[in-house]
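Please read them with the structure open.

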Amino acid sequence: MDDESSIEEILNTIGDEHARTVLASISREPGSAKELAERLDLSQPTIYRRLELLEENELIEDRTLVADDGNHYKEYTCNFNSTVISLEDDEYDVRIFREENLPDRFTKLWDELGVK
């Protein structure tokens, strides 16, 4: 992370017990807010606040699914493999390691080239 406020935001986010609990749960198995509330025995408002916080810091991602009854809902998943927090010369550094698959990398490269 380049920006010190981003480092503070990441540290504050992972410093929140409920945010860590939600993140740990969806790193094992993706889930909707309702599923997470049941799985973790937390209220849905608590879950939604932590999901929003995790999304703001780009630690999770969501995808929209359609239920059997036709209603839409979001399923959340962790979007990184590991993170390293280091302290050197009184400065923190946070590195988040994400695994990109080849099609996603190709699409990103294609978009950056502006090829239409």
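1. Start with the hairpin. β1 and β2 form it, with five residues between them. In the turn, Gly 70 has a positive phi of about 95 degrees. Strand β1 covers residues 60–66 and pairs with β2 in the antiparallel sense over seven bridges. Two strands pair if DSSP finds at least two bridges between them. Leu 65 has Tyr 73 in β2 as its bridge partner.

2. A word on the source. This is a predicted model, where local features need pLDDT of at least 70, side-chain atom pairs count only at pLDDT 80 or more, and totals for chains, interfaces and linings use all residues. Residues are numbered from 1 along each chain as its sequence is written, and side-chain values use heavy atoms, with hydrogens and water left out. Helices (H or I, at least four residues) and strands (E, at least two) are DSSP runs, numbered from the N terminus.

3. Next, a helix pair. The axes of α3 (residues 33–40) and α4 (residues 44–56) come within 9 Å and cross at roughly 115 degrees. Axes here are lines fitted to C-alpha atoms, for helices over the stretch in contact, and angles run from 0 to 180 degrees between N-to-C directions. From α3, the contact uses Ala 33, Lys 34, Leu 36, Ala 37 and Leu 40. From α4, Gln 44, Ile 47, Tyr 48 and Leu 51 take part. Contact means heavy atoms within 4.5 Å.

4. The largest nonpolar core has 21 residues. Such a core is a set of buried Ala, Val, Leu, Ile, Met, Phe, Trp, Tyr and Cys residues joined through side-chain atoms within 4.5 Å. Val 22, Leu 36, Ile 47, Leu 51, Leu 54 and Ile 60 have the most contacts inside this core. The elements giving two or more residues to it are α1 (4–15), α2 (17–28), α3, α4, β2 (72–78) and β4 (91–97).

5. Which residues does Ile 60 touch, not counting residues up to four places away in sequence? They are Leu 23, Ile 26, Leu 51, Leu 54, Glu 55, Tyr 76, Thr 77, Cys 78 and Asn 79.

6. Check Arg 50 in helix α4. Arg 50 is buried, with a relative accessible area of 14%. Buried means under 20%, exposed over 50%, partly exposed in between (1.4 Å probe, protein chains only). Not counting residues up to four places away in sequence, Arg 50 touches Asp 16, His 18, Ala 19 and Val 22.

7. Last, Ser 27 in helix α2. Ser 27 is partly exposed, at 45% relative accessible area. Ser 27 and Phe 80 are 53 residues apart in sequence and 8.6 Å apart in space, C-alpha to C-alpha.
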